[in-house]
Amino acid sequence: MISTYSLRLPKVVFGGENPTEQLSNALRAEGVTKAVVFTDPSLRQLGIVDPTLSAISAAGASVEIVDDIPAEPSYTQVQSVVDKVKGMGADVIVAVGGGSVMDSAKLASVAATDAYTVHDLLSNPGQATKRLKCVAVPTTAGTGAEATPNAIVAVPEDEVKIGIVNDAMIPDYVVLDVRTVKNLPRKIAAATGIDAMCHGIECFTSTKANPFSDTFALEAFDLIVNNIERACDDADALDAKRAMQVAAFYAGIAITASGTTAVHALSYPLGGKYHVPHGVSNAILLSPVMHFNEPAIRERLALAYDRAIAGEAVTVGEKSAALIELMDSIVEHLDIPKSLAELGVTDVPIDWLAEAGLKQQRLLVNNMREVTLEDAKAIYEQII
Ligand SMILES: NC(=O)c1ccc[n+]([C@@H]2O[C@H](COP(=O)([O-])OP(=O)(O)OC[C@H]3O[C@@H](n4cnc5c(N)ncnc54)[C@H](O)[C@@H]3O)[C@@H](O)[C@H]2O)c1
Ligand SMILES: [Zn+2]
C-alpha cells in the first residue's frame, strides 16, 4: 500500500443502452468537424464500426477511416499510421477495436506532430502532448486500454514489448456498447477476459495498491470471476458480456491508479519474441506467478476471495489457496494453452527470457515479492 495516490479518468464514459448514439452529442458539443476512425479490416467487415460511423455523421462531422492497424503493432507500424493522420485535418481520433487499435489511436493522438516520433516516446514518454482528442470504443473485454495512459508497442529489434505511459494518452471519451463484444469469438473473449482478470488481481496485490485502485480492482475481479465463463460459453448471455465489458474498463482504471505486477512483466518477452497474444501469455504465467507471490500477498488474496467467492474456506491460507485454484480452473475451463509447448514454441532460451523479463522494472517494482534472475528462470521453467 502506498500513502500518496491519485485517480485519473477519461472525461466522459457512455454506457448502458445506446451509448454510441450519446457520443454524437458529445462530438457536436466539442465542435468536431472531422474524425479519423482507427480500426482493423475484420472489425470493419463485421459491421462493428458502423454504429460509430453513424454517430459521427449524426454529429455533422466528416470521417476518414484507417483500417490497416495490425494486432499487437510494432512502433514502426504505429508510426506509419500516425503519418497517415498528419495532414488529414482531423480534430478527433476514434478507436474502434481492441487494445491494438486503441493503443495505436492513443499514440496517434499525441504523435500526430513533427515534434517527436513514436520511437522518441519509447525513451522519453514525458514529452507526449495531446494534439487530438481521442475516443475509445473497445471491442474486446479486455485490455482496459480505454481507461489507461499506456500504449504498448513491440520493439522487434530487441524482441520485446514496451509500454509508453503518459497521462495525455488517457482517452477523452469512452463508449462501452455491448454490441461491440456481443459476437466476440470465444477464443478472443477468453484470452482478453483473462487479461482483465490479471489486471484486477495484480493491481489489488500491487505495492502501489491504494483505496482508489482497490475499489476498481476488486469490483473488476469480482465481476470477472463470476461472469467470464458464461460470457465466453453462452452466445446469448448479454448480461455477462456487459459485466465483462464494464469490468475490463474498471480494471483499466485500477491499472492507472495502481499498476500490474510480475505476471505482466514476465509476459512481455513472450509477446515480443514469440508474438504470443497478450492475454494468452498472461494466462500462462498467472498460476506460476501467483504461487510464487502467495506468501507475500496471502492476506490480499484472502480479501479477494471473500469478495468474489465467499465460499467455505476459513483461514487466510485456505482462502488464498482457493482463490488461486479458482483462477487456474477458469483458465482451464476456457481452453487457454498452459505452456509454450502447446503454442508450438520449443527450444526456449530461459536465460534470455529471464533477463528480458527482469528489464521490465516499471512493473516489477510493483510486485510484493522481489523477483530475482533465478526466480524468473524458475517461473519460466514452469511454462515451457
Ligand atoms: N494500453 C493498455 O493499457 C493495455 C493493457 C493491456 C494490453 N494492451 C495491449 O493491447 C494489445 C492487445 O489487445 P486485445 O487483447 O484487445 O486484442 P487485439 O486488439 O490485438 O485484437 C485481437 C484480435 O481480436 C479481433 N477482435 C477484436 N474485437 C473483436 C470483435 N468484437 N469481434 C471479432 N474479433 C475481434 C481483432 O481483429 C484482432 O484480430 C496488446 O498489444 C497489448 O500489449 C494494452
Ligand atoms: Zn494486460
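**Helix packing and a zinc site**

A: The buried residues of H13 pack against strand E7 (160–165), H10, helix H14 (361–364) and helix H15 (373–381). Packing here rests on contact, meaning heavy atoms within 4.5 Å. Helices (H or I, at least four residues) and strands (E, at least two) are DSSP runs, numbered from the N terminus. This is a predicted model, in which local features need pLDDT of at least 70 and side-chain atom pairs count only at pLDDT 80 or more, while totals for chains, interfaces and linings use all residues. Residues are numbered from 1 along each chain as its sequence is written, chains are lettered from A and ligands numbered from 1 in the order in which they are written, and side-chain values use heavy atoms, with hydrogens and water left out.

Q: Which residues of H13 are buried?

A: In H13 (residues 350–358) they are Ile350, Leu353, Ala354, Ala356, Gly357 and Leu358. Buried means under 20% relative accessible area, exposed over 50%, partly exposed in between (1.4 Å probe, protein chains only).

Q: At what angle do H13 and H15 pack?

A: The angle is about 120°, and the axes are 9 Å apart. Axes are lines fitted to C-alpha atoms, for helices over the stretch in contact, and angles run from 0 to 180 degrees between N-to-C directions. H13 and H15 are therefore oblique to each other. The classes are: under 35 degrees roughly parallel, over 145 roughly antiparallel, 65 to 115 roughly perpendicular, and the rest oblique.

Q: Is that crossing left-handed or right-handed?

A: H13 passes H15 in a right-handed crossing. On the H13 side the contact uses Ile350, Asp351, Leu353, Ala354, Glu355, Gly357 and Leu358, and on the H15 side Leu373, Ala376, Lys377, Tyr380 and Glu381. A crossing is left-handed if the near helix is turned anticlockwise from the far one by less than a right angle, and right-handed if clockwise.

Q: Changing topic. What coordinates the zinc ion (ligand 2)?

A: Its donors are Asp195 (OD), His199 (NE2), His264 (NE2) and His278 (NE2), at 2.0 to 2.1 Å. Donors are N, O and S atoms within 2.8 Å of the metal (3.2 Å for Na, K and Ca); water is not among the atoms, so sites may look incomplete.

Q: Why is the arrangement of the four donor atoms irregular?

A: The angles around the zinc ion (ligand 2) run from 85 to 169°, which makes the arrangement irregular. Four donors count as tetrahedral if all angles lie between 85 and 135 degrees; four count as square planar and six as octahedral if opposite donors are over 155 degrees apart and all others between 65 and 115; anything else is irregular.

Q: What spacing do the donors follow along the chain?

A: The spacing is D-x3-H-x64-H-x13-H. His199 lies in helix H7 (residues 186–204) and His264 in helix H10 (residues 262–274), so the pair ties together parts that are 65 residues apart in sequence.

Q: And are His199 and His264 buried or exposed?

A: Both His199 and His264 are buried.

Q: How do H7 and H8 pack?

A: Their axes are 8 Å apart, at an angle of about 160°. H7 and H8 are therefore roughly antiparallel to each other, and H7 passes H8 in a left-handed crossing. Among the residues that meet are Ala189, Gly193 and Met197 in H7, and Leu218, Phe221 and Val225 in H8.

Q: What about H8 and H12?

A: The axes of H8 (residues 211–233) and H12 (residues 316–333) come within 11 Å and cross at roughly 20°. H8 and H12 are therefore roughly parallel to each other. H8 passes H12 in a left-handed crossing. The contact includes Phe221 and Val225 of H8, and Leu323 and Leu326 of H12.

Q: Now the loops. Where does Ala310 lie?

A: Ala310 is in the loop between helix H11 (278–308) and H12. Its phi is near 50°, a positive value in a residue other than glycine. Ala310 counts as exposed, at 57% relative accessibility.

Q: And Asp335, where is that?

A: Asp335 sits in the loop between H12 and H13. Phi of Asp335 is near 60°, again a positive value in a residue other than glycine.

Q: Last one: is Thr261 buried or exposed?

A: Thr261 is buried, with a relative accessible area of 1%. Thr261 lies in the loop between helix H9 (238–257) and H10. Not counting residues up to four places away in sequence, Thr261 touches Glu202, Thr205, Ser206, Leu363, Asn366 and Asn367.
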